[in-house]
Amino acid sequence: MISAYSGSTIRAIEEPVVSAPDYDGYLMQRAALALSSSLENYLGAKNKVLLLAGKGNNGADALFAGASLAQGGTAVDALLTEGSAVEHALDAFLEAGGEVLAGLPESLDDYAVVVDAILGTGSRGGLRNTSQQVVQSLREIQLRGELPAVVACDLPSGIDADSGEVFEPVLRAQRTVTFIAAKTPFLTSAETLCGEMVVADLGISDLLRETTADAVRYCDAELVGCLPQPGAFDHKYTRGVLGMICGSEEYPGAALMSTQAAVHTGPGMVRFVGTDRLNYQIQLNTPEAVCSQQKPEELHVQAWAAGSGANPEYRQQDLLHAIQAKEAAVLDAAAVEVAGRWVAMEAILGSHKILTPHAGELEGFLQWIQVLDAQRWEEKMGEEKAPSRADIEAHPVFWARRAAVLSGATVLLKGATTLIASPSGKVISVAPGTPWLATAGSGDTLCGILGALLAQYEASLEQENSTMPASGEEKPELENYARIAACAVRIHHLAADVVHQGGLQGPVPPSQVVRHIPQAVATFLAS
Ligand SMILES: NC(=O)C1=CN([C@@H]2O[C@H](COP(=O)(O)OP(=O)(O)OC[C@H]3O[C@@H](n4cnc5c(N)ncnc54)[C@H](OP(=O)(O)O)[C@@H]3O)[C@@H](O)[C@H]2O)[C@@H](O)CC1
Ligand SMILES: [K+]
């Protein structure tokens with residue numbers, strides 16, 4: 001498991017250490033050592049390093065690392081992007097034979113690696129002045145593919161260490177050497193700018209023992225335990241029955257994709273509730289699904305998957321059923337909006353209801369609550385205004401967590417990095433899948449996979465312990481629903497990886513991805 005903490009949390013942990021009367025600067029020396037050892041991996045025929053050093057301690061780390069490399073015979077140049085540097089670090093650098101440049105060199109061909117040490121945990125907002133100009137020029141060179149490898153010191157400069165907000169220009173790093181612990185941006189979509197993460201704990205990460213992480217990431221082996229697997233005496237009703245309220249005559253594709261994804265994820269049965277025409281198409285496409293035109297309340301299911309491609313005008317009542325019923329539910333697309341209005345008027349959803357918005361849909365969801373239930377909003381959010389889509393994208397961990405706490409639901413916020421917040425406040429991050437997955441239909445596929453896992457989980461709870469509280473009452477393990485959502489995202493990504501099995505990247509149309517879900521589930525279960 002990776003645990004990530006905000007830059008402010010790390011600073012608060014460091015503070016008593018560095019302000020102790022007998023502190024001798026050992027943390028920075030350890031940081032510099034970790035950075036210089038990492039840089040050595042890039043040296044070979046080219047034995048020259050360019051440091052971009054800011055005026056704070058982030059720059060000082062790099063100057064000390066540069067001093068150590070220079071002592072070992074590497075040519076090290078430093079550009080002081082703000083025109084100054086921490087004095088004793090600069091002295092050590094110059095004494096070791098490092099050179100300070102007056103401006104960006106004409107050619108970067110001789111450098112093996114560029115070190116981005118302009119800003120670390122002390123940054124506020126985007127780069128300013130000359131630092132911004134330097135990074136802008138280098139970013140243009142990087143976009144042309146002509147920049148040497150970039151190693152970021154602590155985190156790439158221009159990314160907010162608390163939220164992961166990205167203030168362009170930011171140099172894309174091949175590697176980030178980070179100190180004490182992973183910072184929050186490593187578990188948000190900003191991670192795509194950080195490259196490989198190397199954590200140097202500087203010997204004080206124990207101080208974080210009592211501190212709750214801002215977000216965590218599990219490996220598959222840590223997640224797989226929450227998924228039930230069929231036993232010899234199981235039958236279709238004990239394996240989980242999923243009810244689906246997805247698609248519409250305008251968007252039949254959403255129904256076809258989500259239903260096939262659900263069937264391929266292995267529940268006991270998928271009941272699809274649609275119109276005559278939609279049901280006919282489902283039967284042709286996925287004969288395993290059991291179609292019906294009954295009202296959702298007449299059907300016995302363990303979980304619902306609702307909203308993908310559904311028309312909220314015609315299916316309002318059906319969607320409301322999935323939202324209000326005691327059964328667990330994935331609430332996607334149209335169901336997120338209906339859920340927003342319902343939460344604003346009525347009550348708390350419960351962690352067994354999993355909302356799956358992207359940032360724009362979460363904006364709408366939160367606006368309904370702020371407008372219709374101003375009192376609850378004020379109680380939980382104080383002065384905070386309802387966020388725009390851009391605010392949510394800039395502070396995704398914060399807003400996913402707030403939405404879960406406000407609504408009582410589990411919230412799966414889609415993005416390059418998916419974040420899943422439990423109403424307990426815990427946030428799980430799932431590493432990005434292939435960027436080729438960002439196409440229409442991907443959300444429908446995920447909705448089907450997650451619905452099927454939920455139905456299986458609910459059925460297993462019924463089997464395991466018939467004395468357990470009925471669905472809808474307080475669940476024994478609030479956070480299990482967030483873990484199950486994380487499993488669904490992983491299975492989705494693994495299915496796309498099967499399409500890419502030859503090793504080459506290329507399109508992964510959802511109708512191909514759904515076919516590979518059985519193999520992805522098997523791979524996941526074997527982890
Ligand atoms: N504490 C420790 O002992 C340890 C710390 N360690 C290292 O120190 C780093 C934190 O160092 P730090 O606190 O000096 O902050 P840092 O990130 O270098 O930047 C602050 C400077 O930048 C400036 N500045 C701010 N925003 C800006 C902007 N947008 N654009 C331009 N400039 C901006 C700001 O100036 P000001 O705004 O105040 O004028 C200030 O001068 C941490 O990430 C890790 O690498 C490790 O060695 C382990 C031990
Ligand atoms: K940096």
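Guide: Let us start with secondary structure: helices are DSSP runs of H or I with at least four residues, and they are numbered from the N terminus. By that scheme, Leu453 lies in helix H15, which covers residues 442–464. Please keep in mind that this is a predicted model.

Visitor: How many helices and strands are there in the chain?

Guide: The chain contains 18 helices and 19 strands.

Visitor: Is Leu453 buried or exposed?

Guide: A residue is called buried if 20 or more other C-beta atoms lie within 10 Å of its own. Leu453 counts as buried because it has 28 C-beta neighbours inside 10 Å.

Visitor: Which residues does Leu453 touch, apart from those up to four places away in sequence?

Guide: Leu453 touches Leu227, Thr265, Ile484, Cys487 and Ala488.

Visitor: How is the overall form of the chain to be judged?

Guide: One compares the radius of gyration with that of a compact globule. For 527 residues such a globule would have a value near 24 Å, and the chain has 26 Å, so the two agree. The C-alpha trace spans about 80 × 50 × 40 Å along its principal axes. Buried residues make up 53% of the 527 residues. Of the contacts in the chain with a separation of 6 or more, 74% are between residues 24 or more positions apart.

Visitor: Which domains does the assignment give?

Guide: The domain assignment gives domain 1 (2–213) and domain 2 (229–499). Taken over C-alpha atoms, their centres are separated by 40 Å. In the contact between them, 9 residues of domain 1 meet 10 residues of domain 2. On the side of domain 1 that touches domain 2, the residues divide into 1 nonpolar, 6 polar and 2 charged.

Visitor: Which residues of the largest nonpolar core touch the most other members?

Guide: Of its 171 residues, they are Leu51, Leu63, Ala306 and Ala335. Helix H16 (residues 480–499) gives the largest share of this core, 12 residues. Domain 1 and domain 2 each supply at least three residues to the core.

Visitor: What does Ala306 touch, if residues up to four places away in sequence are not counted?

Guide: Ala306 touches Ile245, Cys246, Leu319, Ala322, Ala329, Val330, Leu331, Asp332 and Ala335.

Visitor: Which residues come nearest to ligand 1?

Guide: Of the 27 residues around ligand 1, Gly56, Asn57, Asn58, Gly120 and Gly122 come nearest. The elements that give two or more residues to this shell are helix H1 (7–18), helix H2 (26–40) and helix H3 (57–71). The largest share, 4 residues, comes from H3. By class, the shell has 8 nonpolar, 12 polar and 7 charged residues.

Visitor: Helix H2 also contains Ala32. Is Ala32 buried or exposed?

Guide: Ala32 counts as buried, because there are 25 C-beta neighbours inside 10 Å. Leaving aside neighbours within four places in sequence, Ala32 is in contact with Asp61, Phe64, Ala65 and Ser68. Ala32 and Ala53 are 21 residues apart in sequence and 13 Å apart in space, C-alpha to C-alpha.

Visitor: Let us turn to the backbone. Which residues does a cis peptide bond join?

Guide: A cis peptide bond joins Glu168 and Pro169, with omega about 5°. Pro169 is found in the loop between strand S6 (149–153) and strand S7 (175–179).

Visitor: What is the phi of Leu202?

Guide: The phi of Leu202 is near 55°, a positive value in a residue other than glycine. Leu202 is found in the loop between strand S9 (196–200) and strand S10 (215–217). Leu202 is partly exposed, because 19 other C-beta atoms lie within 10 Å.

Visitor: Where does Ala333 lie?

Guide: Ala333 lies in the loop between strand S15 (328–331) and helix H10 (334–345). Although Ala333 is not a glycine, it has a positive phi of about 40°. With 24 C-beta neighbours inside 10 Å, Ala333 counts as buried.

Technical notes. Residues numbered from 1 in each chain as written. Chains lettered and ligands numbered in written order. Predicted model: local features only at pLDDT ≥ 70, side-chain atom pairs only at ≥ 80, totals over all residues. Core = buried A, V, L, I, M, F, W, Y, C linked by C-beta atoms within 7 Å. Buried ≥ 20, exposed ≤ 12 C-beta atoms within 10 Å, placed from the backbone. Domains from an automatic or database assignment. Contact = placed C-beta atoms within 7 Å. Rg over C-alpha atoms; globule rule 2.2 N^0.38 Å. Nonpolar A, V, L, I, M, F, W, Y, C, P; charged D, E, K, R; others polar. Near = placed C-beta within 6 Å.
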